[in-house]
Amino acid sequence: MMSTRRRPAPGAGAVVAVLAVGAAAVTGTLLYQGVKDGRPGAQECTARLDGTEWSLSTVQAHNAALIVGTTIQRSLPARAGTIGVATALQESQLVNIDYGDRDSLGLFQQRPSQGWGTPDEILDPVYSTGAFYDGLVEVEGWPTMAVTDAAQAVQRSAFPTAYAQHESRARAWASSLTGHSPGSVTCTLRPADPATAHVGVPERLDRDLGLGADAVRSTGATVRVDTAGLHEGDTDRGTWTVAHWAVATANATGATEVRAADQVWTRESGTWSTLGADEDPPRDGVVRIRVIQPAG
């Protein structure tokens, strides 16, 4: 699933400021317009850190889950997730776009002409995320560098300090998606539609977190996930990594309920609450996800 490691070529980072994407990223005021706009039926996801909620659209949340999940698969520290999410927020608004400055494409605005891969490869978010981290781990001292310096060392952008404006939002999402702060990711979503084609939870878990058939069991509308393989047996972090991932990707998978420890998130409420005395909690290290069943 991961790309072949390559050293980023000079100029590989995108210069997007002349486009609408870059204008939004540079000002920092348009990035999340339409996420918390109060429209009926508007959807959003938030990660809470130190009492502050940081919002993303559902598409952005799906991509954040992949980026941070890739760092978990590679056994990289949570800071790698912060750097990756901040970079993608600056380069593409955390959306897998098929345009950019010159030949820049995708989440990280990588350029085929600079050796990042073919256009089709770069537009595969799994490939492009892997390519970004291939570059990051080649940067000497990256774990202790400022987020914007680490991102710039990979991207070689014409706006080397622009990544810094996204650090707090990226850190909140990286912290939550690596299993810290139980119940810190929530999503407000419209009801799941049985007629809509949803991505399968097992397939997406394998893609994002590397949890294969030995860890995932599906029975009808319920998916049970054994999280023991994550974080070297840290049960709490593994549980909340998967639980937060399940909420962040619920709009893609059609998830309607997530149970972790003694907590439950439902699509109807959009929040986490404590299970009642007569409700069935999952055992330690297991997350239960209920999904909408397809029509017919």
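Biologist: In which sense do strand 5 and strand 9 pair, and over how many bridges?

Modeller: Strand 5 (residues 222-226) and strand 9 (residues 286-291) pair in the antiparallel sense over 5 bridges, where pairing requires that DSSP finds at least two bridges between two strands. Strands (E, at least two residues) and helices (H or I, at least four) are DSSP runs numbered from the N terminus. This is a predicted model, in which local features need pLDDT of at least 70 and side-chain atom pairs count only at pLDDT 80 or more, while totals for chains, interfaces and linings use all residues. Residues are numbered from 1 along each chain as its sequence is written, and side-chain values use heavy atoms, leaving out hydrogens and water.

Biologist: What stands opposite Asp 226 in strand 9?

Modeller: That is Val 286.

Biologist: And what is the strand order in the open sheet?

Modeller: The order of its 6 strands is 4-5-9-6-7-8, with antiparallel pairing. Strand 4 (216-219) and strand 8 (272-274) are the edge strands, each pairing on one side only.

Biologist: New topic: which residues touch the most other members of the largest nonpolar core?

Modeller: Among its 68 residues, they are Leu 136, Trp 173, Leu 205, Leu 211 and Ile 289. Such a core is a set of buried Ala, Val, Leu, Ile, Met, Phe, Trp, Tyr and Cys residues joined through side-chain atoms within 4.5 Å, and buried means under 20% relative accessible area with a 1.4 Å probe, protein chains only.

Biologist: Why does this core lie between domain 1 and domain 2?

Modeller: Because domain 1 (56-178) and domain 2 (182-291) both give residues to it, the domain bounds coming from an automatic or database domain assignment.

Conventions
Buried < 20%, exposed > 50% of the residue type's maximum accessible area, 1.4 Å probe, protein only.
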